[in-house]
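Have a look at it first, then read on.

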Amino acid sequence: MAITKSEAARTALRLLDAHGLDKLTVRRVASELGVQAPALYWHFDGKRALLDHMTDALLAPAAAALDRPAAAQPWWEWLEQVLDRLRGALLAHRDGARVASGADLRQAVALGAFVERITQVLHEAGFGLGDASRAAGALVHFVIGRAVEEQSRPDPAAELDTASAPDFPFPVLAGALRERHAAGSTPDDDFRYSLTIMLTGLRAMHDH
């Protein structure tokens with residue numbers, strides 16, 4: 001039975017959701033598809049190549065919805081929407097951000113589409129092409145890295161318990177975490193606050 005790359009990537013995503021990235025292997029994907037591992041190595045020369053195609057599969061729906069800023073929409077508001085969509089797609093799958101980390105854009109085409117469109121919009125907003133690409137890379141890497149942290153950290157209640165322990169060595173941080181927890185701060189709030197810092201910096205550079 002012939003196996004396609006897209007079929008293998010979709011199967012790998014199902015296994016990822018069920019078992020996590022650490023237990024995902026090419027051999028396990030092959031077994032799920034009912035073939036021997038060499039049949040998949042014909043398509044993928046290693047796990048990284050499989051992860052690249054998984055990245056493409058998990059981000060393809062979000063990339064298909066990529067648009068351009070609406071008439072009179074500020075570029076930074078458009079960026080916030082696009083990057084929030086990227087984060088949502090990464091978080092929709094268990095360990096999705098770790099899968100995308102370090103992806104080859106020649107294979108993870110959907111991720112490359114985000115970098116390409118952001119670079120284009122920033123360039124059209126007045127950034128030099130080189131600076132636009134640097135900014136696009138920084139923003140996309142921020143979202144991926146932040147999502148990795150979100151999927152790796154304990155939930156807020158457990159984090160607060162850790163910070164409240166008598167032997168926690170960072171009292172200022174413990175107080176800050178208690179304050180944020182009392183205010184009902186969520187990972188979404190934390191993400192948008194951090195993204196605002198980056199976008200504010202970009203706007204200042206743009207207007208300088």
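**Rings, charges and packing**

The charged end of Arg 87 lies over the ring of Phe 191, 4.6 Å from the ring centre; a charge sits over a ring if NZ of Lys or CZ of Arg is within 6 Å of the ring centre and within 35 degrees of the ring normal. This is a predicted model, in which local features need pLDDT of at least 70 and side-chain atom pairs count only at pLDDT 80 or more, while totals for chains, interfaces and linings use all residues. Residues are numbered from 1 along each chain as its sequence is written, and side-chain values use heavy atoms, with hydrogens and water left out.

**Aromatic pairs**

- Across the whole structure, a search finds four aromatic pairs (rings of Phe, Tyr and Trp, the last by its six-membered ring, with centres within 6.5 Å; planes under 30 degrees apart are stacked, over 60 edge-to-face, the rest tilted).
- One of them joins Trp 75 and Phe 127 edge-to-face, at 5.6 Å centre to centre and 90 degrees between the planes.
- That pair links distant parts of the chain, 52 residues apart: Trp 75 is in helix 5, and Phe 127 is in the loop between helix 7 (109–124) and helix 8 (helices are DSSP runs of H or I, at least four residues, numbered from the N terminus).
- Both Trp 75 and Phe 127 are buried (under 20% relative accessible area, with a 1.4 Å probe and protein chains only).
- Phe 142 and Phe 191 form a stacked pair, with 5.9 Å centre to centre and 10 degrees between the planes.
- Phe 142 in helix 8 and Phe 191 in helix 11 (residues 187–207) are 49 residues apart, and both are buried.
- Ring pairs also link Trp 75, Trp 76 and Phe 127 into a cluster.
- Over the ring of Trp 76 sits the charged end of Arg 203, 3.8 Å from the ring centre.

**Val 140**

- Val 140 belongs to helix 8 (residues 129–152) and counts as buried because its relative accessibility is 3%.
- Apart from neighbours within four places in sequence, Val 140 is in contact with Leu 86, Leu 111, Val 115 and Ile 118 (contact means heavy atoms within 4.5 Å).

**Gln 73**

- Gln 73 sits in the loop between helix 4 (47–64) and helix 5 (75–91), and at 18% relative accessibility it counts as buried.
- The side chains of Gln 73 and Gln 81 are joined by a polar contact of 3.3 Å (a pair of N or O atoms within 3.5 Å; within protein, one must be able to donate a hydrogen and the other to accept it, and residues adjacent in sequence count only if both atoms are side-chain atoms).

How values were computed: Helix = DSSP H or I, 4+ residues; strand = E, 2+ residues; numbered from the N terminus. Buried < 20%, exposed > 50% of the residue type's maximum accessible area, 1.4 Å probe, protein only.
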